Amino acid sequence: MDNELHILLTEEDAEAERVAELTGYLREELLDLDVDDVTTLPGGEVPAGARAVDVTQIGALLVTLGSTATALSQVMTVIRSWVGRRHDTHPSLHLRMGDDVLEVSEATDDQVAEAFKIFVQRHSPAGAEP
């Protein structure tokens, strides 16, 4: 099982500060889980007073899952719940573990649930419950 999940959160037409704020909220929720770490990737912090910032780098998180078989499932559950509560916004997610990529944008709750379930199954050890 891969040990790192890369998350890139974006929102169409959002300003850098807004993406940084959303990313910070998601990071806080992920830190409550039994994972080794959740860090912002280089470019993930918005410099004070910044005018020209690459928004695609602001929403980047790296989740180090640790050794528990259920860590990825827990992380995906939190992400799904977090996205479901974003009624005022429509964030898009780009999730990557190794060479496996899952992109979620403008999907129904059921579509997101199914995509997340398949993603977790692909990265669960044989015989482990996702």
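User: Does Thr-23 count as buried or exposed, and at what relative accessibility?

Analyst: This is a predicted model, and in it Thr-23 counts as buried because its relative accessibility is 4%, while the limit for that class is under 20%. Thr-23 is found in helix 1.

User: Which residues does Thr-23 touch, if those up to four places away in sequence are not counted?

Analyst: With those sequence neighbours left out, Thr-23 touches Leu-9, Ile-58, Gly-59 and Leu-61.

User: How should I read a nonpolar core, and which residues have the most contacts inside the largest one?

Analyst: In soluble globular proteins, nonpolar side chains tend to be buried together. Here the largest nonpolar core has 32 residues, and the most contacts inside it belong to Leu-5, Ile-7, Leu-30, Met-76 and Ile-79. Two or more residues of this core come from each of strand 1, helix 1, strand 3 (60-64), helix 3, strand 4 (92-97), strand 5 and helix 4. Helix 3 gives the largest share, seven residues.

User: What does Ile-7 touch, again without residues up to four places away in sequence?

Analyst: The partners of Ile-7 are Leu-26, Leu-30, Gly-59, Ala-60, Leu-61, Val-63, Ile-79, Leu-93, His-94 and Leu-95.

User: How many residues of each class are in the lining of the largest pocket?

Analyst: The lining has five nonpolar, six polar and four charged residues.

User: Turning to the backbone, which residue other than glycine has a positive phi near 55 degrees, and where does it lie?

Analyst: That residue is Glu-106, with phi near 55 degrees, and Glu-106 lies in the loop between strand 5 (100-104) and helix 4. Glu-106 counts as exposed because its relative accessibility is 75%, and the limit for that class is over 50%.

User: What is the phi of Asp-13, and is this residue buried or exposed?

Analyst: Asp-13 is not a glycine, yet its phi is positive, at about 65 degrees. Asp-13 lies in the loop between strand 1 (4-10) and helix 1 (16-31). With a relative accessible area of 74%, Asp-13 is exposed.

How values were computed:
Residues are numbered from 1 along each chain as its sequence is written. This is a predicted model: local features need pLDDT of at least 70, side-chain atom pairs count only at pLDDT 80 or more; totals for chains, interfaces and linings use all residues. Side-chain values use heavy atoms; hydrogens and water are left out. Ala, Val, Leu, Ile, Met, Phe, Trp, Tyr, Cys and Pro count as nonpolar, Asp, Glu, Lys and Arg as charged, and the others, Gly among them, as polar. Helices (H or I, at least four residues) and strands (E, at least two) are DSSP runs, numbered from the N terminus. Buried means under 20% relative accessible area, exposed over 50%, partly exposed in between (1.4 Å probe, protein chains only). A nonpolar core is a set of buried Ala, Val, Leu, Ile, Met, Phe, Trp, Tyr and Cys residues joined through side-chain atoms within 4.5 Å. Contact means heavy atoms within 4.5 Å.
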